[in-house]
Amino acid sequence: MIFSLLALSLPLGGCGTGAIWDKFLAKDDKMIDEPADKLYNEGLYLMNKDKDIKGAAKKFEEVDRQHPYSDWARKSLLMSAYAYYQAGDYDSCIGAATRYVTLHPGSADAAYAQYLIAASNYDQIPDISRDQGRTEKAIAALEEVIRKYPTSEYANSAKQKLEGARDQLAGKEMDIGRYYMSKRDYAAAINRFKTVVTRYQTTRHVEEALARLTEAYMAIGIVGEAQTAAAVLGHNFPDSKWYKDAYTLVKSGGLEPTENKGSWISRSFKKLGLG
């Protein structure tokens, strides 16, 4: 009975009822699907010709929204990730690329999508004075590229970026270690320099770390470790300016750089065949 009354009451609104029926019966323009290839090519045009990177990304996203199970959607998802990367919208790039890897792990382009995730994190690595959480994320993503796609064309680039990211973390440890040295907190400083020697010895910071260890151990009277740090530094980097400083410091105490094979310093370098 209520439905019948409601149905009968609709025409009684006079001439304004046409607009009401239009809302029910007319198709919303936004619901009209466009051909996937048309949207995709429009995205390419916006990106390549108009240099409207974000506009292009929106077009690619529209392909995925309107034609979610098509091959065009797969291509567009990767292109939207690429477009966002070019625009410097790294979080959106990571989101799109992560979705691609999740949905299409066996695709030939999955390696590139994973590389975009890594590169987006790498490009956001902050100054060493700030928190290095983003650097850790970059390292994890770069290692994923190398592990999953070792023969891909992106593996070598990932390895180069990985070294840069590891160098950044080593630099952070050195920065904190120097601070502790300035406060004469030698034990805390040694722990930081030890991290560089054991975890980041292929970075450019390891020479200074060994020299700082020589200095810190001399300061607290553990001369055997100081001699070992200087000896390992001289053996691996004989032309380093840091070795000259370490050598001079050890000599000033009436000692010679002498390696104790049982020292953690010596063992750390032996693991990588550097000692």
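User: What makes helix H11 mostly covered in this predicted model?

Analyst: A residue counts as buried when its relative accessible area is under 20%. In H11, 10 of the 14 residues are buried, and therefore the helix is described as mostly covered. The buried residues are Val 206, Glu 208, Ala 209, Leu 210, Ala 211, Leu 213, Thr 214, Ala 216, Tyr 217 and Met 218.

User: How do you know that the span of H11 is close to the expected one?

Analyst: Helix H11 covers residues 206-219, and the distance from its first C-alpha to its last is 20 Å. The expected span is 1.5 Å times one less than the number of residues. For the 14 residues of H11 the expectation is 20 Å, and the helix is close to that value. After H11 comes Gly 221, which has a positive phi near 85°.

User: Why is H8 called roughly antiparallel to H9?

Analyst: Two packed helices are described by the angle between their axes and the distance between the axes. Helix H8 (residues 133-148) and helix H9 (residues 155-182) pack at about 155°, with axes 9 Å apart. Angles over 145 degrees count as roughly antiparallel, so H8 is roughly antiparallel to H9. Their crossing is left-handed.

User: Which residues of H8 and H9 meet, and how do they divide into nonpolar, polar and charged?

Analyst: On the H8 side the contact involves Thr 135, Glu 136, Ile 139, Leu 142, Glu 143, Val 145 and Ile 146. On the H9 side are Ala 155, Ala 158, Lys 159, Lys 161, Leu 162, Ala 165, Arg 166, Gln 168 and Leu 169. The contact residues comprise 9 nonpolar, 2 polar and 5 charged.

User: Why is Arg 184 called exposed?

Analyst: Exposed means a relative accessible area over 50%. Arg 184 has 64%, and therefore it is exposed. Arg 184 lies in the loop between H9 and helix H10 (186-199). Its phi is positive, about 60°, although Arg 184 is not a glycine.

User: What describes the packing of helix H12 and helix H13, and which residues meet there?

Analyst: The axes of H12 (residues 223-236) and H13 (residues 241-252) come within 9 Å and cross at roughly 150°. The crossing of H12 and H13 is left-handed. Ala 226, Gln 227, Ala 230, Leu 233 and Gly 234 of H12 are in contact with Trp 242, Tyr 243, Ala 246 and Val 250 of H13. The residues of this contact divide into 7 nonpolar, 2 polar and no charged.

Notes. Residues numbered from 1 in each chain as written. Predicted model: local features only at pLDDT ≥ 70, side-chain atom pairs only at ≥ 80, totals over all residues. Heavy atoms only, no water. Helix = DSSP H or I, 4+ residues; strand = E, 2+ residues; numbered from the N terminus. Buried < 20%, exposed > 50% of the residue type's maximum accessible area, 1.4 Å probe, protein only. Axes fitted to C-alpha atoms, helices over the stretch in contact; angles between N-to-C directions. Parallel < 35°, antiparallel > 145°, perpendicular 65-115°, else oblique. Left-handed = near helix turned anticlockwise from the far one by under 90°. Contact = heavy atoms within 4.5 Å. Nonpolar A, V, L, I, M, F, W, Y, C, P; charged D, E, K, R; others polar.
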